[in-house]
Amino acid sequence: MTPSEASSGPGAAGLDIPAVTVAPGDTATTSVTVRNDGDIVEAYDLEVVGDCAAWTTVDPPRISLYPGTSQTVTIRLEPPRSPEVRAGETPLGVRILPAEHPESVRVVETTVHVGEFRELRTELTPGRRHGWLRGRYRLAVRNRGNTPVRVGFTPGQAGEELGFAFSPAEPELQPGESVEAGLRVRTGRPVWFGSPVVWPFTVDTAETDEAGDRETARRDAIAVRAPLEAEFVQIPVFPKWLLVVLAALLALLLAWFALVRPVVRSAAEEAAEEAAGEVVQSRPTHTGEQGGQGPGTGPGGGSDARPGDRGTGASPGPGGDGGAADGGAGASGGAGRQSSATIDLQTSAGQTRTGTYRVPAGSVFGITDIVVANFQGDEGTLTITFGDRKITTIALETFRNQDYHWVTPIEIPENETVTVEVTCEKPGTPATGRRARGCHEVLNVSGVLSRTTG
């Protein structure tokens, strides 16, 4: 550079500094000569002003001159390689301030031509994506250069099995600006069975010129960037393990219909027949049937006649059963007759309820038979009490129908109660096939109801 002179003093004339060209990351120098045209010794402070002040220095920054002498000062420019230092023309000024005559301050100026540099930072994430037909990726691009650029993407793949779509396809970036572009990768056809297929591909990022010539811009780029690599793993629609599971399920289904189902059906039919037989056997026999024998009397059951039977010589009186929840029918005049009562009790899940039958006043009930029905298969407990005597406590899940018989009647005096208490833990499933909302049990007591007063 050819330095110019700048005079300082009253009425002194000077020339501006010639234009300077510098590339970011490099160093350029120029100079300015300061002359003292005064008649006293003068000191001068030199300071850089303008947009270049952050990366421009003056050496030395302060000088002293005798009258009629001059000194050349070096101006050093060191712009960093940063997007903040934009390419183009930037003004530069050097202010010369005399210490003794500050009113004679001068500013010499020049223009600095900052050169261009291009630098792109790109990142492709994730490096591997799994999918049946398509996968999505992200391209992060940052312009680390000092000039605006338009960026284009070029995909690469060994074959033509993959299709690529970028959004946006050619983004524009200012110096220091970042942008994120989406990449969609798609295969032409699915993989139905077998192992996953790996499709490797690359993405090349380059600046494009205003005409869209990407190849020319790539050749003119200062930094050579390696293409970004990624993979798309195409998974089969039906993996191998699914076929194995389907085959195992089919084998189990065939085994069920061929082996297990007939056995279960046969066991269910036998259980139903057995339950039906128990119900028939537990039904009480009224007076006059089977020679006056009470319920439960059979082979090995004894031949004792119950109170109220015809074998005692007592008249049966008019009527038949007295079985009802309100106490049934009774006999007058002290004679006894067969009678029964039914307690129908419904209990909500998780609750305990009690049902009772009260012996009428002036009567005594000699119980010889009870039948308990749990036709839903509920779970819980059931307790039967005659007056203040607990007869039995049984688990509901252990029976569907249960009957008890006594040769010697259990007598319950007037105003005493037959009580059944049910604690419902889990309702069962009736014949409809739909689980019930609550438990449902029925207790039937049979025996001889006799009058104690005339």
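Okay, isoleucine 96: this residue sits in strand 8, where a strand is a DSSP run of E with at least two residues, a helix is a run of H or I with at least four, and both are numbered from the N terminus. Is isoleucine 96 buried or exposed? Isoleucine 96 has a relative accessible area of 2%, so it counts as buried. The cut-offs there are under 20% for buried, over 50% for exposed and partly exposed in between, using a 1.4 Å probe and protein chains only.

Before I go on, a word on what you're looking at. This is a predicted model, in which local features need pLDDT of at least 70 and side-chain atom pairs count only at pLDDT 80 or more, while totals for chains, interfaces and linings use all residues. Residues are numbered from 1 along each chain as its sequence is written, and side-chain values use heavy atoms, with hydrogens and water left out.

So, pLDDT: that's the predictor's confidence in each residue, from 0 to 100. The protein's mean is 80, with 79% of the residues at 70 or more. Where does pLDDT stay under 50? One such stretch is residues 1-15, which have 43 contacts beyond four places in sequence; a contact means heavy atoms within 4.5 Å. Residues 279-333 are also below 50, and that stretch has 83 contacts in the model beyond near neighbours in sequence.

Zooming out, the protein has two helices and 26 strands. It's 454 residues, of which 36% count as buried. And if you take contacts between residues at least 6 apart in sequence, 70% of them join residues at least 24 apart.

Back to leucine 46. The largest nonpolar core has 24 residues, and Leu46 and Val112 are the ones that touch the most other members. By nonpolar core I mean a set of buried Ala, Val, Leu, Ile, Met, Phe, Trp, Tyr and Cys residues joined through side-chain atoms within 4.5 Å. Which elements give two or more residues to this core? They are strand 2 (20-22), strand 3 (28-36), strand 4 (42-49), strand 6 (62-65), strand 7 (70-77), strand 8 (88-98) and strand 9 (106-114). Leaving aside neighbours within four places in sequence, valine 112 has contacts including Val20, Val22, Trp55 and Leu77. Apart from that core there's another, of 23 residues, and among them are Ile370, Val372, Phe399 and Leu449.

Next, charges. Side chains of opposite charge can pair when their charged atoms come close. We call it a salt bridge when a side-chain nitrogen of Lys or Arg is within 4 Å of a carboxyl oxygen of Asp or Glu. How many are there in the whole structure? A search finds eight. One of them joins arginine 150 to glutamate 172, at 2.4 Å from N to O. Arginine 150 is in strand 13 (residues 149-156) and glutamate 172 in strand 15 (residues 172-173), so this pair ties together parts 22 residues apart in sequence. Then there's arginine 121 with glutamate 119, whose closest N and O atoms are 2.9 Å apart. Arginine 121 is partly exposed at 47% relative accessibility, whereas glutamate 119 is buried at 18%. Those two also belong to a salt-bridge network with Arg81.

On to the rings. There are seven aromatic pairs; rings of Phe, Tyr and Trp (its six-membered ring) pair if their centres lie within 6.5 Å, and planes under 30 degrees apart are stacked, over 60 edge-to-face and the rest tilted. Why is the pair of phenylalanine 193 and phenylalanine 238 called stacked? Because the ring centres are 5.5 Å apart and the planes sit at 25°. Phenylalanine 193 is in the loop between strand 16 (178-187) and strand 17 (197-208), and phenylalanine 238 is in the loop between strand 18 (228-234) and helix 2 (240-282), so parts 45 residues apart in sequence are tied together. Tyrosine 357 and phenylalanine 365 make an edge-to-face pair, 5.9 Å centre to centre with 80° between the planes. Tyrosine 357 is buried at 1% relative accessibility, and phenylalanine 365 is buried at 0%.

Last stop: an unreviewed UniProt entry lists residues 241-260 as "transmembrane region". UniProt positions follow the numbering used here, feature names are shortened, and annotations may be inferred rather than shown by experiment. In the model that span is 100% helix and 0% strand, with its end C-alpha atoms 27 Å apart.
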